[in-house]
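Work through the exercises below with the sequence and the model open. Try each task before reading its solution.

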Amino acid sequence: MKEIINLPVSNIEEEEYHINMGPQHPSTHGVLRLLVSLQGEIVKSLKPHCGYIHRGIEKMCEKDTYPQVIHLTDRIDYLSAHINNHAVCLLVEKALEVEVPERVKYIRTIMDELARIQSHQLWWSSFGMDLGGLTCFFYGLRDREMILDIWEETTGSRFLQSYNCPGGVMQDIHPNFQKKVHAFLKTFKKKIKDYDRILSGNVIFENRSQGVGVLSKEDAISYGVTGPSGRGSGWSCDVRKTEPYSMYGQVQFNEVLRYECDTYSRYMVRMQEMHESMNIIEQLIDNIPEGDHSAKMKAVIKLPAGEYFQRVESARGELGLYVVSDGNKTPYRMKFRTPSFSNLSVLDHISRGMKIADLVAIGASLDLVIPDIDR
Amino acid sequence: MTFNIYDFTSFNRWIDEGLNSIMPPTWAMITEMAIIGIVFLLFYAVVGLFLVYAERKVCAFMQNRVGPNRVGPYGIFQTIADFIKLLMKELVYIKDSDKLLFNLAPFIVIIASFMALSAVPFAKGLHAIDLDIGILYVIAVSSLGVVGILLAGWSSNNKYSLIGAMRSGAQIVSYELSVGLSLLTIIVLAGTMQFSEIVEMQRNGWFIFKGHIPAIIAFIVFLVASTAETNRGPFDLAEAESELTAGFHTEYSGIKFAFFFLAEYMNMFLVASIAATVFWGGWMPFHVSGWAGFNTIMDYIPPFVWYIGKTAFIIWLMMLFKWTFPRLRIDQLLTLEWKYLLPINLVNILFMAFLVLMHWHF
């Protein structure tokens with residue numbers, strides 16, 4: 001603040017106008033504070049101030065056993081809770097060299113894709129809302145409800161499921177699971193056309209998003225913008241393709257890439273990914289093999305001393321999990337490489353020279369989840 | 001006394017004569033003004049509350065929701081309950097705000113919409129003031145509202161409010177042109193600015209049908225521009241809740257916020273009334289020249305019902321816009337006005353003048 005006060009009076013014409021977007025602001029969808037320097041309506045620069053909901057999850061993990069850690073990972077990126085759980089389980093299984101049953105792989109993959117779809121649905125809802133189309137919000141939430149119901153039946157929880165556990169899943173799927181997933185796919189394939197009709201094809205929407213917040217492929221790579229945001233810049237960074245885990249090696253699906261590099265292309269990547277996720281689920285849902293829902297694990301899980309790393313593709317990008325173990329039942333050090341944190345870092349770079357309204361659109365197109373940034 | 005639902009002229013004369021017979025003319029005049037004022041206040045409040053309710057129901061239906069349904073049958077008393085809540089809320093004092101302007105702003109906004117409403121003909125004879133420059137008066141008075149919005153933004157000592165007010169200023173000043181020019185197109189056709197005459201001239205057909213294509217273009221331009229002028233979506237940049245929290249009225253609470261809220265809805269009602277009066281014949285029933293029987297049946301529907309029906313239809317159209325489209329950006333908003341609507345409008349006026357000159361209209 002001191003520099004601002006000490007500016008000479010003659011500079012008053014060029015003086016920038018600072019506003020705080022957040023910590024409480026409707027378009028940050030959480031407690032993120034952006035200190036924005038404006039000249040009129042134009043964004044000169046912005047500085048993200050994060051840490052408002054920093055809970056020290058990485059430090060808390062050092063005191064918890066591996067099954068307990070899973071419950072904390074739900075709270076990192078609550079919209080891809082399944083996928084975060086999956087990362088921990090894969091890491092533990094890799095370290096202990098446990099082979100999980102085929103059935104578990106199928107269930108986990110289906111759950112991951114359901115998580116991806118509902119995350120993208122919520123993103124679409126809030127994206128529409130950020131651009132002023134409030135009707136989108138209710139369309140998205142209406143369809144997301146079906147997935148939450150499916151989860152509630154099988155996992156017992158609608159939001160933070162903690163369904164995965166080292167070696168498998170907590171309990172077997174509900175008898176209705178397949179039927180309900182089929183019903184969801186059937187409904188959502190119709191509804192997703194409404195999504196395109198109300199937002200994607202709208203002239204106002206196209207003007208608001210095309211050419212806004214251009215992120216080149218080089219910048220995406222150097223800032224580490226992964227996930228749909230990175231793929232919207234044409235960077236092939238899907239962990240499901242590059243390092244297949246669970247069933248991703250066996251199913252047929254396309255990695256959605258677009259090369260316009262703007263908000264519109266990031267939008268279209270996510271819309272297309274919902275179709276791809278449905279495609280993956282369709283391939284798996286009828287072929288879930290019979291078997292155990294969990295491998296035999298020891299009562300106390302101790303990882304051999306050493307360093308382990310596991311990546312998965314969460315709904316927002318690449319989630320990396322790095323663990324240093326000293327052979328105890330708790331990790332010595334645990335580090336999450338969360339996608340939203342890296343994606344946030346590029347916000348300043350791509351929103352310079354844009355309008356405030358564009359900043360909101362760009363922020364929405366990066367699909368930031370604030371607990372994922374702050375951990 | 002002859003109370004006639006189709007013509008209020010004799011009813012008005014009866015009140016006027018009755019008052020003049022019991023008190024001196026000056027006092028009779030003052031009493032009449034007071035009566036009209038009270039009637040307008042009541043009308044204003046009722047319409048405002050109803051529009052808020054209607055908007056909530058319309059948007060609920062568009063969004064697969066039920067909308068208000070708890071207070072009273074179908075939730076019709078919901079807005080009254082909300083209004084009572086707003087009345088009882090604390091008026092928050094904002095530190096370092098310009099107290100005088102801060103308190104004045106809501107009144108300017110509401111007075112502007114109130115004054116404009118007084119020139120609107122609701123039915124035959126149901127007309128507070130029939131100026132011979134009615135349209136000019138309405139355009140002039142309704143644009144006073146922007147002063148209130150600018151003051152609100154300036155005096156709130158809030159940066160979001162200021163940005164919202166500046167946007168609103170740019171927006172209303174720009175779109176004022178299109179509103180004026182599209183009404184001018186119809187004035188060219190009508191040859192008068194007096195509302196009662198404009199309505200009377202549409203006895204044989206509404207201007208939207210009489211004026212061929214130019215009238216339809218003028219109506220569409222008017223609808224777009226007046227939606228922008230009332231700060232409603234997709235042009236609600238002054239409020240833009242996802243960007244500026246609530247724009248110019250961020251810092252207002254309680255009854256002062258309610259004033260802004262009510263004024264927004266009344267402005268919507270006002271522009272819908274103007275559109276209904278100028279393009280769709282106001283209270284004039286739907287007539288087809290030559291079809292005497294049909295015209296008689298149409299005449300049985302009271303003028304007030306025609307007026308309310310047309311206004312409600314246009315309000316419904318505006319609500320559909322708001323809940324369908326995303327919001328424009330400020331530069332796109334100004335581009336739309338200066339690069340598209342204004343040239344279209346200017347050409348349209350020439351077209352209309354040519355049409356009138358050649359007597360090609362009906």
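**Exercise 1: a sheet and its helix**

Task: find the order of the strands in the open sheet of β6, β7 and β8 of chain A, and the sense of their pairing.

Solution. The order in this three-stranded open sheet is β6-β7-β8 of chain A, with antiparallel pairing. On average, neighbouring strands here are turned by 15° against each other, direction ignored. Axes are lines fitted to C-alpha atoms, for helices over the stretch in contact; angles run from 0 to 180 degrees between N-to-C directions. Helices (H or I, at least four residues) and strands (E, at least two) are DSSP runs, numbered from the N terminus. Strands pair if DSSP finds at least two bridges between them.

Next, count bridges. β6(A) and β7 (residues 317-325) of chain A run antiparallel and share nine bridges. Within that pair, A:Ser314 lies opposite A:Gly317 of β7(A). Helix α4 (residues 81-96) of chain A packs on the sheet and touches β6 and β7 of chain A. Its direction makes about 145° with that of β6(A). Contact requires C-beta atoms, placed from the backbone, within 7 Å.

A note on the source: this is a predicted model, where local features need pLDDT of at least 70 and side-chain atom pairs count only at pLDDT 80 or more, while totals for chains, interfaces and linings use all residues. Residues are numbered from 1 along each chain as its sequence is written, and chains are lettered from A and ligands numbered from 1 in the order in which they are written.

**Exercise 2: the interface**

Task: which elements of chain B supply at least two residues each to the side that touches chain A?

Solution. Begin with the totals: 22 residues of chain B contact 26 residues of chain A. The elements are α7 (159-190), α11 (241-244), α14 (303-324) and α15 (330-357) of chain B. By type, chain B's side holds eight nonpolar, seven polar and seven charged residues. Ala, Val, Leu, Ile, Met, Phe, Trp, Tyr, Cys and Pro count as nonpolar, Asp, Glu, Lys and Arg as charged, and the others, Gly among them, as polar.

**Exercise 3: check a helix**

Task: why does the span of α14(B) agree with its 22 residues?

Solution. The expected span is 1.5 Å times one less than the number of residues. For α14(B) this should be 32 Å, and the end C-alpha atoms are 32 Å apart, so the two agree. Buried residues of α14(B) include B:Trp306, B:Lys310 and B:Ile314. Buried means 20 or more other C-beta atoms within 10 Å of a residue's own, with C-beta atoms placed from the backbone. Their cover includes α2 (25-62), α10 (212-229) and α12 of chain B.

Definitions and conventions: Two residues are in contact if their C-beta atoms, placed from the backbone, lie within 7 Å. A residue is buried if 20 or more other C-beta atoms lie within 10 Å of its own, exposed if 12 or fewer, and partly exposed in between; C-beta atoms are placed from the backbone.
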